[in-house]
Amino acid sequence: MSSDSEEVSVRLRQQIDASGPISVAEYMRVANTAYYGRADPLGADGDFITAPEISQMFGEMVGIWLSDIWLRHRPATCHYVELGPGRGTLAADALRTMRRFGWEPSVHFVENSPALRAKQLQAVPDALFHDNLDSLPTDAPLCIVANEFFDALPVRQMVATQAGWRERVIVRNNEAGFAAIPGATAVDDLIPEQFRSAAMGSIYEICPDASSIMHQLSARLAKQGGVMLVIDYGYTQPALGDTLQAVQGHQYADPFNNPGQVDLTAHVDFFELSNCARNGGLLAVGPSDQGAWLSGLGIDQRAQILAATNPDRAGDINAERNRLVGPDAMGTLFKVLAAYAQDWPQPEGFGL
Ligand code: SAH
């Protein structure tokens, strides 16, 4: 165990000893801030791999999707914004594609990991960084991309008990670990009507940060113009279930052990995100399956061209395409949601 992760465990233990159990969200926030801050967790040698790291085709399809909207709307200026850009690979691939259409937007990354900022700067040297949404430009429309960003945000978990719905909290389990138990706070008011009488032990999750970010960006897009693309795994209708998971070295791990050392994620509530967008005055399309969206934008044609120009990599290119699109891989697990200002063109790729 590295000293960093020991430090996170020690800090959380001290906090719990001093002021009692903490919410699952607080635990996840502290753990993930340390986790992403300490090093680059992506890639085959890291803990997990994301779509843009699988193939350049993913970022290229995002670039094509944005360029199509830009060509149809032709705003005088427009900023490219990415939330949690990882290694900057998606942005580099998308921006290269956008340049082919004659579009060179300024680039704004919302990223709080120093380790990943350094990587992102290598991939996109002229990127400007933001700690949060407040400092994003207000002078022009925004084209916002978020791939596997929302799943890293802290979730609150509610659990059905005999005494009603309680917030799940984190306590110390033994010297090394933590455990989640029903806390003292009654949270029945937070549970949608249809789930109030769910079976004992049922879990209902909410992600206040995700809703808040979506609200803020919807207000920006309604005022400034622009579009937002959200790609992640998650559910499309309100649902019960404990989706908090930990991944380390491409294997599932215990989310309540080694905080700061494992990647903690939860499924994204696309129903809530599109509601936030619509309530904020935007139009929304999707969520669609990632496979259908990529196919609609022409990933197969792109794979054929890449394979023809790199015959020695043809097999790999086909395998990468299958990984992104295949129903047994990322094709149906991952969803794509687009939200856009009312006077902006309807985005492509949603089979409408
Ligand atoms: N989009 C990238 C990386 C996904 S990993 C890809 O597809 O490869 C999640 C990313 O979100 C990392 O860059 C992480 O540092 C960033 N992140 C997580 N929580 C954040 C927060 N609260 N604010 C800003 N960035 C955050």
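## Ligand site

Of the 16 residues around the ligand, those that come nearest are T50, G84, G86, E111 and N147; a residue counts as near a molecule or strand if one of its heavy atoms lies within 4 Å of it. The model is a predicted one, in which local features need pLDDT of at least 70 and side-chain atom pairs count only at pLDDT 80 or more, while totals for chains, interfaces and linings use all residues. Residues are numbered from 1 along each chain as its sequence is written, and side-chain values use heavy atoms, with hydrogens and water left out.

A polar side-chain atom of T50 is 2.6 Å from an oxygen atom of the ligand. A backbone N or O atom of G84 lies 2.7 Å from a nitrogen atom of the ligand, and a polar backbone atom of G86 lies 3.1 Å from an oxygen atom of the ligand. On its own the ligand has 570 Å² of accessible area, of which the protein covers 91%. Accessible areas come from the Shrake-Rupley method with a 1.4 Å probe; for residues, only the protein chains shown count as cover. The shell around the ligand divides into eight nonpolar, six polar and two charged residues. In this division Ala, Val, Leu, Ile, Met, Phe, Trp, Tyr, Cys and Pro count as nonpolar, Asp, Glu, Lys and Arg as charged, and the others, Gly among them, as polar.

Q120 is in helix α6, residues 114-123. Helices (H or I, at least four residues) and strands (E, at least two) are DSSP runs, numbered from the N terminus. Q120 has 0% relative accessibility and counts as buried; buried means under 20% relative accessible area, exposed over 50%, and partly exposed in between, with a 1.4 Å probe and protein chains only. A polar atom of the Q120 side chain lies 2.8 Å from the backbone oxygen of G86. G86 also has a polar backbone atom 3.1 Å from an oxygen atom of the ligand.

R168 belongs to strand β7, residues 164-172. R168 is buried, at a relative accessible area of 14%. Its side chain makes a polar contact of 2.7 Å with the side chain of Q157. A polar contact is a pair of N or O atoms within 3.5 Å; within protein, one must be able to donate a hydrogen and the other to accept it, and residues adjacent in sequence count only if both atoms are side-chain atoms.

Helix α9 spans residues 290-297, and Q290, G291, W293, L294 and L297 are buried in it. Seen down the axis of α9, these buried residues fall within an arc of 165°, so they line one face of the helix. The arc is that of the directions from the helix axis to the C-beta atoms.

Helix α11, residues 314-325, has twelve residues. From its first C-alpha to its last, α11 reaches 16 Å, close to the 16 Å expected at 1.5 Å a residue; the expected span is 1.5 Å times one less than the number of residues. The buried residues of α11 are I317, E320, R321, L324 and V325. They cover an arc of only 120° around the axis, which puts them on the same side of α11.

## Backbone geometry

G286 and P287 are joined by a cis peptide bond, with omega about 0°. P287 lies in strand β15, residues 283-289.

R74, a residue other than glycine, has a positive phi near 50°. R74 sits in the loop between α4 (56-73) and β2 (79-83). H250, also a residue other than glycine, has a positive phi near 65°. H250 is in the loop between β11 (245-248) and β12 (251-253) and counts as partly exposed at 39% relative accessibility.

## Sequence and space

Y35 lies in helix α2, residues 24-38, and counts as buried at 0% relative accessibility. Y35 and Q261 are 226 residues apart in sequence and 5.8 Å apart in space, C-alpha to C-alpha.

T97, in helix α5 (residues 89-100), is buried with a relative accessible area of 9%. From T97 to S202 there are 105 residues in sequence and 46 Å in space, C-alpha to C-alpha. E148 is in the loop between β5 (142-147) and β6 (156-161), and counts as buried at 16% relative accessibility. The C-alpha atoms of E148 and A123 are separated by 18 Å, with the two residues 25 apart along the chain.
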